[in-house]
Every structure is written in structure tokens, then in C-alpha cells.
Amino acid sequence: MSDVPAEAPEHCPGTESESAGKGSACAGCPNQSICASGATKQEDPGKALVKERLSSVKNKILILSGKGGVGKSTITSLISRGLADDNINRNVAVLDIDICGPSQPRVLGVIGEQVHQSGSGWSPVFVEENLSVMSIGFILQNTADAVIWRGPKKNGMIRQFLSEVDWGDLDYLILDTPPGTSDEHLSVSTYLKEVGITGAIIVTTPQEVALLDVRKEINFCEKVSIPILGVVENMSIFVCPKCETPSEIFPALTGGGKKLSEEFNIEFLGSLPLDPLLARCCDEGKNFLTEVPNSPVIPVLKSIVQKIVKKCEAAEEKST
């Protein structure tokens, strides 16, 4: 019987992964015994390329949540704009690794732009002078095209984004991730392991159905040794713009994000209220910070950004 590996199944962790042949996705795969034995394991040359390319990136931050629909992409855009909009001149970039559902081109207002290639690699698309973004959304011929890829192909795309994009000198690289703890998360944690992940920001909404999945994301971070910078609770309350009456759209029956933070001894970064004008700005690709400066979201966002900066500075001091 031949030992030639069969085609990789969906959600394959990859032959170079520590969980190759051992994960739940490997059950029933004809390659399981080969991968588990280590016969296919080789050092991925992409790791060295990523390390070299990201050597000039100070902070790498993942935006994570086990639950879909909690606003990871919105939080990513707000935090990146908040970091770039400060009086301090910071260079910020966003990497959209939600391969199947890229939304950063629209949210950041650069949908329809094209990626250009030079001798130094792919050039990210610039939103502002000190804010850029890279996403598979720029590469698709049609924004409505479905990306139907297996794990290894997603892994290859993420490696290209990390190693072949000319990021330049960055203070912050913010990575927008899909929900869950699968292919994209394993790939990015593997490739960034050599250069160091500054930390992850966990996003949740107040209701228990979201908190259940977010607990899994925290567990994932613990297993792959990703530091958690803190928890952001999104869509905590809705304040009517006319009567200013607060309403809980998603009731925090079990304590919400703050209680979750206490449970896992993680810093609670803040609760962002629900503002319909924020959703409109995301749809239209406008900068919410300048479009709606009087929104109740703004002071909370600024506080969250300041806490993130302090966390990153503390992590940098600790590593030196």
C-alpha cells in the first residue's frame, strides 16, 4: 500500500503543525498515521520569511472572538483608526485574515482598490497616510465571489500576507480574524510565534450565547500561548439619540464581558454602546471618529485605545 499522502481534508491543521495527525479534524483522514508519525513534518521556510518581513513591526495584535456577529471587524477598524488618529505619529496597518468573509476594504472605505506589486513585495492599500490595510478582498475579481478554500490554501494565503507584503516600519499591525479557533487562527499563531504576538483583544457582546463561545477563544489563547490584552464588550447598551433613554438590546443576564473578565482574571478594557450611526459609517467606509465626534462611543473608544497602548508599552519594556 502506497504512503503517498491523499488530498488534505477541510480544516487540515497542516503537516508542519504540532497538532498534525492529532487534532479532531484529522479523525478519519487517510493521512492521519503518516502525519502523526512525523514523516511529513518539515520546517516551513515561510516562518523565516515572516520573521524577516515583520522584524520592523513593533506590536502585533489579534482581534479575536469565538462568536460571529459580535463586531470584530468594526472593533478592528475603530481601534486601528484610534491608534492612527492620535496626536502621536503612529504607523498602523490592518491585516484582514478573514479569508472567507473579508470586510475591511468596505469598513475602511477602500473597496475597489487594487494591490500593486513592486520589487519589495505587495504594497498595502493606504486609507490614510499612516493607516494601511491588506485583504483578500482586493484580490478577488468580484466582491461577491465565494472563497471556497481548504485549510492548506488558507494557510498559504496568510503566509503570503505576512511575508510578501511590504509593511514597512509599523508601530501596530492589527489582525482581523474570523470567528472560531480553526485554520486561520492556527496559521497566524504558528507564523507569528517566531516574531512574537504582543497579544489578543477578545471581543464579545453581553449575552450568554456569545460568552459561551468567547470562553473557547480564551481557552485557545491559553493553549497556543497568546497573551490576552483584555476584553472589549461591544453593543452593551443602546442610547436613543432623541430621548437619551438607555436600552439593553443584548441583556447581560450572567454579568456580560466584565464578569467574564473577572472569571478569567483578564483586564476589562471597556463596554462600547450600540450606535446606529457607527453601522452606517462602516457600510459607507467613513471614519466614525471624525464623522460622529459626539457619539457616546468615542470617549469609551479613546479609553480602550489608551489602555491598549499602555499594555503594549509594558510588554515592550518587559521583553527588553
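pLDDT is the predictor's confidence in each residue, from 0 to 100.

**View 1. Confidence along the predicted chain.** Welcome to a predicted model, in which local features need pLDDT of at least 70 and side-chain atom pairs count only at pLDDT 80 or more, while totals for chains, interfaces and linings use all residues. Residues are numbered from 1 along each chain as its sequence is written, and side-chain values use heavy atoms, with hydrogens and water left out. The chain has a mean pLDDT of 88, with 90% of its residues at 70 or more. Over residues 1-6 pLDDT stays under 50, and the model has 4 contacts (heavy atoms within 4.5 Å) for them beyond four places in sequence.

**View 2. Strand β9 and its partners.** Strands here are DSSP runs of E, at least two residues, numbered from the N terminus, and two of them pair if DSSP finds at least two bridges between them. Strand β9 (residues 228-239) runs parallel to β8 (residues 199-204), joined by 5 bridges; look for Ala 200 with its bridge partner Ile 228. Another 5 bridges link β9 to β11 (residues 268-274), also in parallel, and here Glu 233 partners Ser 271.

**View 3. The hairpin of β9 and β10.** β10 (residues 246-247) runs antiparallel to β9, with 2 bridges between them, and Val 239 has Pro 246 as its bridge partner. The hairpin leaves 6 residues between the strands, and Glu 244 in the turn has a positive phi of about 60°.

Key:
Helices (H or I, at least four residues) and strands (E, at least two) are DSSP runs, numbered from the N terminus.
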